[in-house]
Amino acid sequence: MPLSMPLMRRALFAFAILAAAPLLMVRPAAAAQNVAEAFVDENIHKGLDILKDKKLNTVQRRDQFETLLLGLVDVRRIALFTLGQYRRTAPPEDVEAFVGAFKNYATAAYQSYFAKYTNQNLKVIGSTQRNPTDFIVQTQLLEPGSSQQPAEVDFRVRTDAGKPVLVDVAYQGIWLSLAQRDQFVGFLGQNNGNVRTLIAHLSELAVNLGKPAN
Amino acid sequence: MRGLRLVALGLCGLLLAGCAAPSPESLAANDPYEQFNRDALRRNAKIDKYIVIPTVEAYFSLVPEDGRRGVHNFLGNLALPTIFLNDMMQGEVSRAGKSMWRLTVNSTVGLGGFLDPASKMGIPGHGEDFGQTLAVWGVGEGPYLILPLLGPSNPRDAAGLVVDAVINPTNQIRFKQHIWWSGTRQFFTLLDLKGQSYQTIQGIQRSSVDYYSSLRSLYRQIRNEQIRNGRKKGEDLPDF
């Protein structure tokens, strides 16, 4: 079964929403039910205020988003996950360099996408607990004036590092970190497992996405 | 029977590709025909660039948005009998009822399916196909495949395409101009599909480190989500 029309649109929305979704949270009316929902409820909705703050210029908004995101997302954990089996075989210095490149790439991706979703809100509707420190918080993406079914956006929150951190986001069932891991592992498979090649490619992408890599 | 021909073409290519030994990475990704698939994706991209996208652009310039939406609704309505049958084969009686209700409402009030009043009445559409039905019955997906023109698939879903074409009641109605009707429908189905997806594809290409792997991951995740019908969230996620 090839990707059908709504599926392909969903795929792009997935890429875009997965990047911007953490910034679009709104506080639900009901009290949060657990630590993960509270994390999503109490922290991530701040992004919406930044998005809608017309007093900020583009650079201020971008910088505030970056600061907020890096405080909510466990970038290092995600970066190591996306390396797949190459995390174990790559030289440690290459792995560290990759974590830095991944951070730049991820931030650039967020920044290139977030502006598209300023008119949408996310509402927490519940959560499931996979184990004592692993939660899936379910939300709905609400588009004012739309008669379409709200899209489902799920956040994966881990609490085993002393505080809740976001490790993955899914739009309509497509998990961003899984997609990134599959991409990176596929790329490395085509390039003799050379992590430095991936770093160079990520840095190039970060530039193309609108932010120079450091 | 477009689907059947394309699947046959894909399988012929696979026989040739079978001569090359797959890499450990390809085997780990359940993609033993990866090099063949990558070549097929490149060929599809050329066909898209030189034939499909110009045709889509002509379609967009000649047919206004309302007209294109009507065509999209009409084609979706024609697919509803197949969706209904697959709902039933999966034991999804409630969803089958919704499919039948959508078919009834949109075929009548919706002027033969060109309009979609059912969605406004709170009966949104959903997809089902025989590939999903096979998955619900326990059939594994098999290795990843890129089909000519159609793109990402696997043996289970490719077989599902053929079965869906066979069981669709509208394909069983024989009349004098049947071949023209069938060809026109397939042409507009592909046009509609490409018209709604090519900008998406370009977006994924721009933001991907490896477009091929990205497409493979998205396809598998979307299909798994479809098979689960949105249930059992997060059950099969890996640990971080």
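The model is predicted. Chain A has nine helices and six strands, while chain B has 10 helices and two strands. The contact between the two chains draws on 40 residues from chain A and 45 residues from chain B.

**Contact between the chains**

- On the side of chain A that touches chain B, the elements giving two or more residues include helix 1 (5–20), helix 5 (75–82), helix 8 (176–190) and helix 9 (195–208) of chain A.
- Strand 2 (121–131), strand 4 (151–158) and strand 6 (174–175) of chain A also each give two or more residues to that side.
- By residue type, the side of chain A that touches chain B consists of 22 nonpolar, 11 polar and seven charged residues.

**Chain A as a whole**

- Chain A contains 214 residues, of which 46% count as buried.
- Among the contacts in chain A with a separation of 6 or more, 58% are between residues 24 or more positions apart.
- The mean pLDDT of chain A is 79, and 77% of the residues of chain A reach a pLDDT of 70 or more.
- Over residues 17–32 of chain A, pLDDT stays under 50. For this stretch, the model has 54 contacts beyond four places in sequence.

**Paired strands in chain A**

- Strand 2 and strand 3 (residues 134–142) of chain A form an antiparallel pair with nine bridges. The two strands are joined by a hairpin through two residues.
- Within this pairing, Ser127(A) has Val137(A) in strand 3 of chain A as its bridge partner.
- Strand 3 of chain A also pairs with strand 4 of chain A, in the antiparallel sense and over eight bridges. Here Ile136(A) stands opposite Arg156(A), a residue of strand 4 of chain A.
- Strand 4 of chain A is joined to strand 5 of chain A by six bridges, and these two strands run antiparallel. Arg156(A) has Asp168(A) in strand 5 of chain A as its bridge partner.
- The hairpin of strand 4 and strand 5 of chain A has six residues between the strands. In this hairpin, Gly162(A) takes a positive phi near 95°.

**Chain B as a whole**

- From the N terminus on, the order of elements in chain B is α-α-α-α-α-α-α-β-β-α-α-α.
- The radius of gyration of chain B is 19 Å, close to the 18 Å that the globule rule gives for 240 residues, so chain B is as compact as a globular protein of that length.
- Taken along the principal axes, the box filled by the C-alpha atoms of chain B is roughly 55 × 40 × 35 Å.
- Of the 240 residues in chain B, 38% are buried.
- For contacts in chain B between residues at least 6 apart in sequence, 62% join residues at least 24 apart.

**Residues with a positive phi**

- Most residues other than glycine have a negative phi.
- Gln172(A) has a positive phi, near 50°, although the residue is not glycine. Gln172(A) is found in the loop between strand 5 (165–171) and strand 6 of chain A.
- Gln172(A) is buried because 21 other C-beta atoms lie within 10 Å, and the cut-off for a buried residue is 20 or more.
- Asn30(B) is likewise a residue other than glycine with a positive phi, in this case near 55°. The loop that holds Asn30(B) lies between helix 2 (24–28) and helix 3 of chain B.
- Asn30(B) counts as partly exposed because it has 15 C-beta neighbours inside 10 Å.

**An exposed leucine in chain B**

- Leu62(B) belongs to helix 3 (residues 34–62) of chain B.
- Leu62(B) is exposed because 9 other C-beta atoms lie within 10 Å, and a residue with 12 or fewer counts as exposed.
- Leu62(B) and Ser182(B) are separated by 120 residues in sequence. In space, the distance between the two residues is 22 Å, C-alpha to C-alpha.

Terms used: Residues are numbered from 1 along each chain as its sequence is written. Chains are lettered from A and ligands numbered from 1 in the order in which they are written. This is a predicted model: local features need pLDDT of at least 70, side-chain atom pairs count only at pLDDT 80 or more; totals for chains, interfaces and linings use all residues. Two residues are in contact if their C-beta atoms, placed from the backbone, lie within 7 Å. Helices (H or I, at least four residues) and strands (E, at least two) are DSSP runs, numbered from the N terminus. Ala, Val, Leu, Ile, Met, Phe, Trp, Tyr, Cys and Pro count as nonpolar, Asp, Glu, Lys and Arg as charged, and the others, Gly among them, as polar. pLDDT is the predictor's confidence in each residue, from 0 to 100. Two strands pair if DSSP finds at least two bridges between them. The radius of gyration is taken over C-alpha atoms; the globule rule is 2.2 Å times the number of residues to the power 0.38.
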